[in-house]
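User: I'm new to this structure and would like to learn how to read its features. Could you take me through them one at a time?

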Amino acid sequence: MDIAIILIILLAGTFVTFFSGDKYASRVALSFSILTAAYSLFLLLQYHTTGAEYSIQWVASPNLNFSLKLDGLSLLMILLNSILLPVIILTTLPHKVPFEKLLYSLVMFMSFAMTGVFLSSDALLYYVFWEASLIPIYFIIVMWGNGDKSKRRQAAMTFFIYTFAGSLFMMAAIIYMYSKTGSFQLMDFYNADLNTTEQIWVFLGFFFAFAIKIPIFPFHSWQANVYQRAPLIGTLLLGALMSKMGLYSVIRWQLPIAPYALHKFQGIILVLCIIGVIYGAIIALRQSNLKRFFAYASLSHVGFIAAGTYALTFDGLLGAVILILAHGFGIVGLFLSAEIIHRRMNTTQIPEMGGIKGVAPKFTIAFLLMVLASIAIPLSFNFTGEFTIMYGLYQVNIWYVIFIGTSMFLGAFFMLRMYQQVMLGEWTFKGAFKDLTLNEGFIFIILIAVVLFFGIYSKPIVEIVTPALQEILVYINR
Amino acid sequence: MSNILQEIGINNYIYLSVLLFCVGVLGILFRRSAIVMLMSVELMLASANMLLAVFSVYHQDASGQVFVVFSMAVAAAEVAVGLAILVAIFRNIGSIDIEKLKNLKG
Amino acid sequence: METVFVLLLLICPFTGFLINLLAGKKMGRTLPGIIATTAVSASFAISLFYFIQILSTNAPVEVRLFDWVTFGEFSIGFDLVLDQLSLLWLLVVTGIGALIHVYSTGYMKDDENVDRFFSYLNLFIFFMILLVTAGNLGIMFIGWEGVGLCSYLLIGFWYKNQSYNDAAKKAFIMNRIGDLGFLVGLFILAYLLGTVDFRAMSFELSDIYGIDKKLLGVAALCLFVGAMGKSAQIPLYTWLPDAMAGPTPVSALIHAATMVTAGIFMVTRMSFLFDLIPDVQTFIAIVGAVTALFAASIGIAQTDIKKVLAYSTVSQLGLMFMALGFGAYHVAVFHVITHAFFKACLFLGSGSVIHAMGGEQDMRRMGGLKKVMGVTFVTFLISTLSISGIPPFAGFFSKDEIMLAAFEHNKILWAIAALASLLTAFYMFRVLFLTFYKDFRGTAEQKHHLHESPKSMTMPLIVLAILATVGGLISLPFGFNWLNGYLQPVILNLQGVEHHSLDSTGWILMGVSTAIALIGFGLAYSKYISKSAVPQEDDKIGGFAKVLYNKYYIDEIYNTVFIKPIYAMADFFKNVVEKIVAASVLAFGKGIAILSVYTKALHNGSVGFYLFVFVIGFCSVVFCLLLI
C-alpha cells in the first residue's frame, strides 16, 4: 500500500476542483473527498500494526527527505480528516456561495496540507505542511466570513500572525535539532542526545507553536473571534481538524523529543490546561453569541484533551486520542446546529432564540444528542475519552482529576443553560422554523452514529493506536 | 606589458584606482543630478575594472581581463537601462533632481 | 441463549423508547402508552422468571459482552449480573415501573407530547435496569448518569415553562457533582485494586494487607458523595423538591421509588468496601440521620402536596442511609422496597388529586375530597398509615428495624431518627387531613370539575396500596426473615441475622415506634381536624414557620455562595481577564507599530541620504573588519 496516494488524491482534488468551474466545484470536491475517505478506509483494511513507511530523498544537503510514515496514530488522524472532509463539504454544499471553485479548492488544499502534517516523518516536510495549512484558512475567513469585512480581516490577520509567530519558534527548534543530529528524520529526533538546557529550549519552541494552535490557555485569544467570524466551513476545518493537528503534533513531535524538559514542565502545563478547561466553561456562561459560546466550549474541551496528552501516562494519551476523534465529530454537530439556527432565524444571539423544540422536533433530538455528547454522557464517544483521560490523570495526581472533573458539572451547567435558552421555552420568533433538511439530517445521522457506536464499543480504536502510543511512551520515559 | 607595470609600479595603479573610486563615491554623495550620479557610478565601476585588469597582469592570468570585458559589456547595458529610466522620469516629472524623487518615502 | 434472554431485559424498554421516539407522533395518543407499558411489563416478566429461578438455584446469572472502556492495565467490560440484590431491585423497578406506566396512560392522555413522555420513561427503565444489573462500577456509572439524564428530560418535560427547565437543569447539575465523586472513587479503586468488577473487588478486598487503607477510605467517601447526589442527601438534596416540576408519575417513579434509591443500591453493592472503613460508615449514618430530621422539619411547613412528599422522600432516604451507616444493609434494602410501595402510592394518589383539581397542588385550596375520590382516599390513607409506621402496615416493620439498628449502635442518632419519625407521622396526616377531610376550599369551578380518576389510574393505586399493606411480610421480626436469608449471598457481613429473634428491648422499641407514630397522628388530628386549622397564606407566615416554609433558605444560600460567584467570575473573565490576555498578545503588534513610527523616519525618500548611509555603513563594516 502506498500512503502517498492519499496526498496525491487530495492535491489532484484541489486542482480539478479549481478548474471545474463554479458550477461543479462543490460536487467535484465532494467526490474527491469521498474518494479520499474510501482510500483511507482501504488503508485501514490494509493496515497492520507494523505500519507503513514511504521515503524518497529530496535534497541531499540539507538532508531532506520526502518521507511519510503511517502508524496507528496517524492512521486514526487520517481517518478523522478524511471522513470529516465530505461531511464538512456537505454542510455547505446546498448553499450558494461566491467563488465556489476557489472556496472548495482551498478546502481541499487545506485537507491536503493537514493530511501531510499527519503523515510526514521528516521535520522540514512536516513544517512545510504545517504552514501550508494556514494559508487557505486565512483566505477562507477573509473572503467568506461573517460580518463586517474589516473585523473578519482583523480576526484572520491576528490568527495568522499569532499562529505563524508560534510556528517560528518551532522552526527554530527544528533547525536546532537538525544542527544537532544532521537529519530531519523523526526517528533521529527521537534518538537525539540533548542535554537538559537544550531540551528545555527545544521543548519550549515546540510548545509555543502547539499551544497557540490548540489553543491552550492563555494562548487562546485568537480563537473566539475567528470562530465567530469564520464561515461554517472554516470553523469546522479549524475546530474539528486544525486544533487536532496541534494535539496530534504534541503527541508525535513534542513529547518524545525532550523527556527531561517534559517532566520538568508537566506540572505547569497541566495546570494551564486545567485552568483552560474551567476558564472556558465559566466564561461560556456569559457569551451571548452562539458561535462564540461554542468557541469557548471548545476551548474547555481541547484543554481537557491537552491535559490528557501531558499526563504522560498511557491512559492519558489513549484518552486524548479518543477525545480528539470524539471532539472532532462532536464539534461539527454543534457548529452545524449553530449555523442551522443562524440561517433559519437570522441571528446568532442566544437571548433572541428560544422554543425551537416546539417547532423542530427532529432538529431538537439531533441538537440534544450533540449537546449531551459534548458534556460527556456515558455511552457517548466523548465520555470514553474523558473517562480514560481522567484515569490517566489520576495516575499523576488525584487533585488534577478533581479539578478537571469540575468540568463535569460546570460543562453541564453552561451547555444545558445554553440548550435551555436556545431550544426550550415558548416559541416567540415571528416566522417559521424549517425542520432538518435531508442533507442536514444525513450529516447528523453520520455524526450521531459515530458518537454512539464508539461510545459503546471503542475497542477497535484502542487496538489500532496502542502500539504507536506505546512506542512514544518508551521515548517519553527513557 | 610587464615592463610598463614594473616601471610605474603596482602601487601607483592601486592609488589611482582608489582615487578614481573615491571621486565616484563623492560624486554620488554630493551631486543632485541623476545623470551625474550615474556617471559617478560608472567611474567607480571603471576603477574596479582597472584594478581587475592590473591584477590580472600582475598575476599573469588572462581571465581577469576577460572578466573586465564582460563587466564593461554589462555596464554598457546597465547604462542604457539607467538612462532609459532617467528619460522616463524626466518625461514624467520634468526633472532629474534626486531631491524631487521622494515617492519611495516610507 | 441465556445472554439473549438477559439482554431482552434491556432491549425491551429500549425498543419501546426507540419506537416512541421515532414513530410516536404518528401513533396517536393511546398507542405509545400501550407500547411502553408492554415493553416494561415484558422486562418485569423476565425479571420475575429469573427471580423464581434464583430462588431455587441460588446461582447468579452473569453475562459478559464486550469491552466497553479499555485502559492500559485493564478494561471495563459490558458485564451484567443478575444476582439476588439486582433481581430484587429489578422487580421493584420494572414492577412499579409497569404500574406507573399504566397510571401514566390515564394521567398523560391529554398531553400533546405523550409519545415523548413514554419514550423517556422507557429510556429511564432501560438505564435503571442497566444500573442495577451492572457487573462493575463502570457499567453502573452508565446507568447512574443515564437515569440522571432521563430525570433531566422528564422534569423538564413541560419545556415551555422555564422554571421547570431550571429545576431540571438543577437536578442534573447537582447529580453531576455527586457523579464526580463517584468517578473519583471509581478511579481510586481501579488504581488500588486493578479492577472495578464487583466480585473481583470484593475478592481483592477480602485481604487488605498491602492496600493503602486511607486511600480506600477516600474512595468510599467519594462513592458516598456520588450517593449523596443521586439520593438527595445533605448537602446535595435541594434538587429533589424542585424536581417535582415534572409530571406526577415521574415524581412517583423516578424521584420516589427507583432512581433516588440508586445511592442505597450502590452502597449496598459496595458493602464489602464500606464495611472496611468504620469512619465513613459513621459519617454516612450521621448524614442520613441529619438529613432525615432536616427534611422532615421542612416537610411540616410545606403547602404544596408534592413538595411535602418530596421532603418526605428525602427524609426517608436519610433513614435508609442511617441504616446503611450501621452496616444494616438488609434493613435499608427492606425499607427501600416498602418505601417504594407506599411512596409511589402516595405520589400517584397526589397525582390523582392534582388531576381532579385541574393542576392545583396547593393543599390550602383542597379539602373534603374524601367524598368524591373514594379509591384515591383509601389508598392514600393506607400509604399514610404505612409511612407513619403504624402496625401492621409495611412501613412499620421496615422503619422499626431501622430504629432497632440505630438503637443498638448510637442512641443519639436513634433519638434524631425517632424525632424525624414523629414529624413524618405529623406531616403525612396533615396532608391527609388537609386534602381529604373537612370542606372543599377551592374555587367553584374546581369543585365542579372534581371527579374520581379513571380505572387506569386507580388500578395501580389499589395494587400499590395492597403492597404497602402486606409488603412487610418479606421480613417480619418474629423469626420469619425471608429477606435476610435471601440477601445473604450478596451482602458479606450481614449483621444481626443470627440474633434477630426479638428480645425485650426489641419489643419496647416497637412499642415506642408505634407510640411515636400515634403521637404524630394525634398532633395532626388535634390541629387539623379538631381545630380545623388551615395553613396560612404566604404573606401571613411568620416566625420559625416562615424559615421552615422557605426551607431554611438553603436555596438562597446556595445561590449566593455558589451560583452568583460563578457568574461573577464569568463576568470577571469576560471583561477583565480575556481583555488582558488579548491585549497582551496585541501588545506585541502595537509595540512593533510604535517602533515603526520612529524607524520609518529613516526612509525619507531621499536617494542621496540612502547613499550616504550606505557609504557610511559600508565604510564602518570595512573598518570593523580591518580592526579585527
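User: Where is P218(A) found?
Analyst: In this predicted model, P218(A) sits in the loop between α9 and α10 of chain A. P215(A) has its place in the loop between α9 (196-213) and α10 (223-229) of chain A as well.

User: What kind of peptide bond joins F217(A) and P218(A), cis or trans?
Analyst: Here is the general idea: most peptide bonds are trans. The bond joining F217(A) and P218(A) is cis, with omega about 0°. The bond from I214(A) to P215(A) is cis too, with omega near -10°.

User: How do I read phi, and which value does F99(A) have?
Analyst: Most residues other than glycine have a negative phi. F99(A), which is not a glycine, has a positive phi near 50°. You can find F99(A) in the loop between α3 (72-92) and α4 (100-119) of chain A. Another case is K551(C), with a positive phi of about 55°, in the loop between α23 (543-549) and α24 (554-599) of chain C.

User: Is K551(C) buried or exposed?
Analyst: Burial is read by counting C-beta neighbours, and 20 or more within 10 Å make a residue buried. K551(C) has 21 other C-beta atoms within 10 Å, so it is buried. F99(A) has 14 C-beta neighbours inside 10 Å and therefore counts as partly exposed.

User: What span should helix α17 of chain A have, and why?
Analyst: Helix α17 (residues 381-394) of chain A has 14 residues, so at 1.5 Å a residue it should span 20 Å. Its end C-alpha atoms are 20 Å apart, in agreement with that. Because 14 of the 14 residues of α17(A) are buried, this helix is largely enclosed by the rest of the structure.

User: Which residues touch the most other members of the largest nonpolar core?
Analyst: In soluble globular proteins, nonpolar side chains tend to be buried together. Here the largest nonpolar core has 419 residues, and A307(A), M322(C), A344(C) and A417(C) touch the most other members. Helix α14 (residues 314-345) of chain A supplies the largest share of this core, 19 residues. Apart from this core lies another, of five residues, V25(B) and I98(B) among them.

User: Which chains share the most contacts?
Analyst: Two pairs of chains are in contact, and chains A and C share the most contacts. Between chains B and C, 11 residues of chain B are in contact with 10 residues of chain C. The chain B side has six nonpolar, two polar and three charged residues. Chain A and chain B do not touch, and their nearest C-alpha atoms are 22 Å apart.

Note on methods. Residues numbered from 1 in each chain as written. Chains lettered and ligands numbered in written order. Predicted model: local features only at pLDDT ≥ 70, side-chain atom pairs only at ≥ 80, totals over all residues. Contact = placed C-beta atoms within 7 Å. Nonpolar A, V, L, I, M, F, W, Y, C, P; charged D, E, K, R; others polar. Helix = DSSP H or I, 4+ residues; strand = E, 2+ residues; numbered from the N terminus. Expected span 1.5 Å × (residues − 1). Buried ≥ 20, exposed ≤ 12 C-beta atoms within 10 Å, placed from the backbone. Core = buried A, V, L, I, M, F, W, Y, C linked by C-beta atoms within 7 Å.
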